Structure formats: structure tokens, C-alpha cells
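Subject: Structure handover

Hello,

Here is the structure I promised you. Please open it first, then read my notes beside it.

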Amino acid sequence: MDCGQGARGTALVMQSGVGGGRMSGSYRADVERASSMVHWFPRIADLRVPRTVFVAIPVRASATWREGGVPEWYVEHVASAAGFTKYPLFMRTEYASGKHRWKDSCYVPDRESLSRHIITVLEENERKGVAATLYEWLVLREYIPMETIFEAFGGRMPINHEHRYFIKDGLPQCNHPYWPPAAFKREEVGHSQGKLPVDWRERLLAISECTHAENLDVLSTVAARFEGWWSVDFSQSRSAEWYLIDMARAEISFHWPSCPNAPAEMMERYGDVE
């Protein structure tokens, strides 16, 4: 889930390093590379998406930056690229955002915190299994206040009104609520700050029952532009507009296990998520 703000998305991509030729021969590596924003974002940038800018990351930067900090010249470079929007902004690499650590990673409140958030985003990519030799881009997105129903996880991540669709071989396939209840099974419930609200299940159910028919025309447009099997994520803003916020190859995307289109390993891995 990457949420940003803006009407129509535009990508200002610095061309050095795109398609760096580091893809392995394995099928999974190919699928993961195809899920990079560098691959899919330019193909849907004319739709309603967060305005987006790509900033090149120096090779093997995070390994040295964790010890010595992000050099000021790079922070200035990122701050300059972020001039297309106001703070807060949303930040990720082309692969991942570290969204569960929201307030320390992808959600950047001001210019002064850029360096710290760059480090955390890179650390979270590597913790997720994205090799430092794989990511090449820091992605800045204009922040869009979304329809948030509660906050969760250690970073107090906003849980928004989101929906995931699947497309396959040029056609819409199926759709599901983005958040299954099982995603919050380890969270504490109560009235104090840092806990889920006592009625969190009811709030989640209320947004899960929507059909979101207004997204189907956009989804058909997206499906016609992509071969293969993909997940496509939409999020609803506070102003009730739906934004296409993320995509990935379906082979590495969570799919509700009860769906007949879901791979068998989803049930084996997650069981009953409802």
C-alpha cells in the first residue's frame, strides 16, 4: 500500500541505471523484477495515480550509509526532487516501502527527517528480502489523505479503504478486500493509543462489503496494457476518489486463499484469513 496525493501521476525518471541487467535466471527473480515500479508505473501514469518522481540511488549506498549516515549531497538531491509537492510525502524504493513502520519509514513529515527515513526505507527493503544490489531508485510520491478506518502495527500505519484486483492475460479476473482480518491477529485491542479500536472488525467489514464498480473501467484499461498475471491495488481518498496506488505480479502477491483463482500455496501458508 503506497498512498500519495495528486490528480494525474507523472514520472520524472533519471535514465541512468534503468534495467541494470542484474536479473537472475530464476523464474521468481524474473517475476520480482517485473514487479518493480520502473516496469509498471510508466504504463499507467496517465491514469488517476499519485504524482511520482524517481531518484537514482548510488550503487550499494545503504551498506555504507547505515554506518556513516546519508551524505548531505544526496539528501539535498532528494529534497530538490521532492519540490514537486509539499510535505508530508510518501517514500519507497521501486520494490517496497516498509509500510508497517509507517512513521519511521515511508511517511516523511518534513525536510529535516529525510535522511532518517531514507535509511529506514532501505533497511526495510533489505529486511523484506530485497537485496541492496537490486533496488536502484528512491520513489517520492505526493501524499494523499486516504479514507482511514484505524491505525495498526508498530509504526501506527493508517489502515485505509483499499481493494485489490487481479488481472490476467488482458482481462479482469477477480477482486478482494485488501486487508484480511488475520492481518491484525497479533495486534492488541483497547481504548488507549497504540491499540486497535474495540470495533475494528466492524470497521473492516464495512469497507470490505463494497463492490467498487467505479474502478472496473480503469481496471479494464490497465488489463489491456499488461500481459500475464497481476495484482492491482486501489485506495479511496477522503474526497471519495479512487487512486491506483500499486501493482505487482500476482505470483508474489497475497491472494485471499478462499478464492478459486488463488494459488494453492496461499491456503497452505495463510489458512483461514477471515
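**A hairpin to start**

Strand S6 (residues 148-152) and strand S7 (residues 157-160) are antiparallel partners, joined by 4 bridges. Two strands count as paired if DSSP finds at least two bridges between them. Helices (H or I, at least four residues) and strands (E, at least two) are DSSP runs, numbered from the N terminus. Phe 150 sits opposite Ile 159 in S7. The hairpin of S6 and S7 has 4 residues between the strands, and in it Phe 153 takes a positive phi near 70°.

Which way do the side chains of S7 point? Met 157 and Ile 159 point one way, Pro 158 and Asn 160 the other, and all are buried. Buried means under 20% relative accessible area, exposed over 50%, and partly exposed in between (1.4 Å probe, protein chains only).

**How to read the numbers**

This is a predicted model: local features need pLDDT of at least 70, side-chain atom pairs count only at pLDDT 80 or more, and totals for chains, interfaces and linings use all residues. Residues are numbered from 1 along each chain as its sequence is written, and side-chain values use heavy atoms, with hydrogens and water left out.

**The whole chain**

The chain holds 8 helices and 11 strands. Of its 274 residues, 50% count as buried. Contact means heavy atoms within 4.5 Å. Take the contacts between residues at least 6 apart in sequence: 68% of them join residues at least 24 apart.

**The four-stranded sheet**

Now find the open sheet of 4 strands. Their order is S9-S8-S10-S11, and the pairing is antiparallel. Strands S9 (171-177) and S11 (242-249) stand at the edges with a single partner strand each, so one side of each has no neighbour in the sheet. On average, neighbouring strands are turned by 25° against each other, direction ignored. Axes are lines fitted to C-alpha atoms, for helices over the stretch in contact, and angles run from 0 to 180 degrees between N-to-C directions.

Strand S8 (residues 162-168) runs antiparallel to S9, with 6 bridges joining them.

Move to helix H1 (27-34). Its buried residues are Ala 29, Val 31, Arg 33 and Ala 34. Their cover includes H2, S10 and S11.

Helix H5 covers residues 114-128. The expected span of a helix is 1.5 Å times one less than its number of residues. For the 15 residues of H5 that gives 21 Å, and the end C-alpha atoms are 21 Å apart, which agrees. Buried residues in H5 include His 117, Ile 118, Ile 119 and Val 121. Just after H5, Gly 129 takes a positive phi of about 110°.

Val 70 lies in the loop between helix H3 (61-68) and helix H4 (72-81). Is Val 70 buried or exposed? It is buried, with a relative accessible area of 9%. Val 70 and Ile 119 are 49 residues apart in sequence, but 7.3 Å apart in space, C-alpha to C-alpha. Leaving out residues up to four places away in sequence, Val 70 touches Trp 65, Val 75, Ser 115, Ile 118 and Ile 119.

**Pocket and cavities**

Both terms rest on a 1 Å grid over the protein atoms alone. A cavity is a set of points where a 1.4 Å probe fits but cannot get out; a pocket is an open set with protein on both sides within 12 Å along at least five of seven lines; lining residues have an atom within 4 Å of a point. Grid points are joined across faces, edges and corners, and a volume is the space filled by probe spheres set on the points.

The largest pocket holds about 1700 Å³ of space. Of its 49 lining residues, the closest to its centre are His 100, Lys 128, Ile 252, Phe 254 and Tyr 270.

The largest cavity has a volume of about 40 Å³. Helix H6 (residues 200-208) gives the largest share of its lining, 3 residues.

Best wishes
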